[in-house]
Amino acid sequence: MRMTITFITGANKGLGYETARRLIELGQTVILGARDRERGRAAADQLGARFVTIDVTDDTSVARAAADVLAHEGRIDVLINNAGIIGSHLPAEQLTGTEATEIFNTNVVSIVRVTHAFLPLLQLSEHPAVINVSSGMGSFALTHDPERVESKPISPLYTASKAAVTMLTTQYARALPGIRVNAVDPGYTATDFNGNSGYQTVTEGTDAVVTLATEHADAGTGRFVSRSGPVRW
Ligand SMILES: NC(=O)c1ccc[n+]([C@@H]2O[C@H](COP(=O)([O-])OP(=O)(O)OC[C@H]3O[C@@H](n4cnc5c(N)ncnc54)[C@H](OP(=O)(O)O)[C@@H]3O)[C@@H](O)[C@H]2O)c1
């Protein structure tokens, strides 16, 4: 059986790093993508992964990363679009196109950019998969359910960006029938993203992504899942 080769963006820390650690532990070959050379290399060295520089907002950086992986590994089986930002904490009245452009570029446009660049590498896999790290904060159902923690914060740009990530996922799943394209909701997890206020550990927060990265090739496409199962859109 061929070894699974997985490329993860934003993997120098937080959920991306923990995903890399767990997939390596499970025997996968992981290429650790990060925008900062020093921090990325240090993280990869700690885990025994190969480091590739990638700033997901930069076309040239993304194209270089894909070329590097083609030259070294020759293909990938799993692409994990994990890199993301929380964006501005300004009140809604003060949000402008600048804040919106920044967060949509990183969280949404980058998924198109990276997926486009890595598609030729995925197409060399027998069972290619793309996993987009979305959020329950991007779910219309959860953000309007008073029983759910996702209904408490008000964060127009972050929620809208993650709703777009989930929609991109289901549309790519329909457009690319040869590739399993799924989205995950990690759940509220203690990382730098939220000043470590999340109530889950990074291991709990990566349960869903690890499942999607290791499941059977016919497990299905166009799904949005958390560690507890399907997530309402
Ligand atoms: N933590 C949660 O509760 C939670 C819940 C739901 C969804 N998520 C999602 O999970 C993903 C990972 O979040 P996290 O909690 O692990 O946050 P984190 O600890 O802040 O890590 C975010 C990662 O993304 C990277 N990144 C940001 N912009 C980038 C860019 N332009 N190019 C390349 N890398 C970039 C960061 O790199 P630097 O270190 O260089 O900044 C870092 O490696 C995000 O998509 C987030 O929206 C998190």
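Me: What makes leucine 168 count as buried or exposed?
Reply: This is a predicted model, and in it leucine 168 has a relative accessible area of 19%. The cut-off for buried is under 20%, so leucine 168 is buried.

Me: Where is leucine 168, and which residues is leucine 168 in contact with, leaving aside its neighbours within four places in sequence?
Reply: Leucine 168 is in helix H6. With those neighbours set aside, leucine 168 is in contact with Val108, Ile111 and Val112, where contact means heavy atoms within 4.5 Å. For leucine 168 and leucine 90, which are 78 residues apart along the chain, the C-alpha atoms are separated by 26 Å.

Me: What about aspartate 145: why is it called buried?
Reply: Its relative accessible area is 17%. Buried means under 20%, so aspartate 145 goes in as buried. You'll find aspartate 145 in the loop between helix H5 (140-143) and helix H6 (156-175). Skip the neighbours within four places in sequence, and aspartate 145 is in contact with Ser151 and Arg232.

Me: Why does asparagine 196 count as partly exposed?
Reply: Asparagine 196 comes out at 45% relative accessibility. Buried needs under 20% and exposed needs over 50%, so at 45% asparagine 196 is partly exposed. Asparagine 196 is in the loop between strand S6 (180-184) and helix H7 (202-205).

Me: What is there to say about phi of asparagine 196?
Reply: Phi of asparagine 196 is near 60°, a positive value in a residue other than glycine. As a rule, most residues other than glycine have a negative phi.

Me: How do you know whether H1 is roughly parallel or oblique to H2?
Reply: Look at the angle. Helix H1 (residues 14-25) and helix H2 (residues 37-47) pack at about 25°, with their axes 10 Å apart. Angles under 35 degrees count as roughly parallel, so H1 is roughly parallel to H2. The crossing of the two is right-handed. On the H1 side the contact is made by Tyr17, Ala20, Arg21 and Ile24, and on the H2 side by Ala43, Gln46 and Leu47. Sorted by type, the residues of this H1 and H2 contact are five nonpolar, one polar and one charged.

Me: And what makes H1 oblique to H8?
Reply: H1 and helix H8 (residues 207-214) pack at an angle of about 45°, with axes 10 Å apart. Roughly parallel needs under 35 degrees, and roughly perpendicular runs from 65 to 115, so an angle of about 45° makes H1 oblique to H8. H1 passes H8 in a right-handed crossing. Thr19, Arg22 and Leu23 of H1 make the contact with Asp207, Val209, Val210, Ala213 and Thr214 of H8. That contact of H1 with H8 divides into four nonpolar residues, two polar and two charged.

Me: Stepping back to the whole protein, how many helices and strands are there, and how do you know how compact the protein is?
Reply: The protein has eight helices and eight strands. Its radius of gyration is 17 Å, close to the 17 Å that the globule rule gives for 233 residues, so the protein is as compact as a globular protein of that length. The C-alpha atoms fill a box of roughly 50 × 35 × 30 Å along the principal axes.

Me: What share of the protein is buried, and what share of its contacts join residues at least 24 apart?
Reply: Buried residues make up 50% of the 233 residues. Among contacts between residues at least 6 apart in sequence, 66% join residues at least 24 apart.

Notes: Residues are numbered from 1 along each chain as its sequence is written. This is a predicted model: local features need pLDDT of at least 70, side-chain atom pairs count only at pLDDT 80 or more; totals for chains, interfaces and linings use all residues. Side-chain values use heavy atoms; hydrogens and water are left out. Axes are lines fitted to C-alpha atoms, for helices over the stretch in contact, and angles run from 0 to 180 degrees between N-to-C directions. Angles under 35 degrees count as roughly parallel, over 145 as roughly antiparallel, 65 to 115 as roughly perpendicular and the rest as oblique. A crossing is left-handed if the near helix is turned anticlockwise from the far one by less than a right angle, and right-handed if clockwise. Ala, Val, Leu, Ile, Met, Phe, Trp, Tyr, Cys and Pro count as nonpolar, Asp, Glu, Lys and Arg as charged, and the others, Gly among them, as polar. The radius of gyration is taken over C-alpha atoms; the globule rule is 2.2 Å times the number of residues to the power 0.38. Buried means under 20% relative accessible area, exposed over 50%, partly exposed in between (1.4 Å probe, protein chains only).
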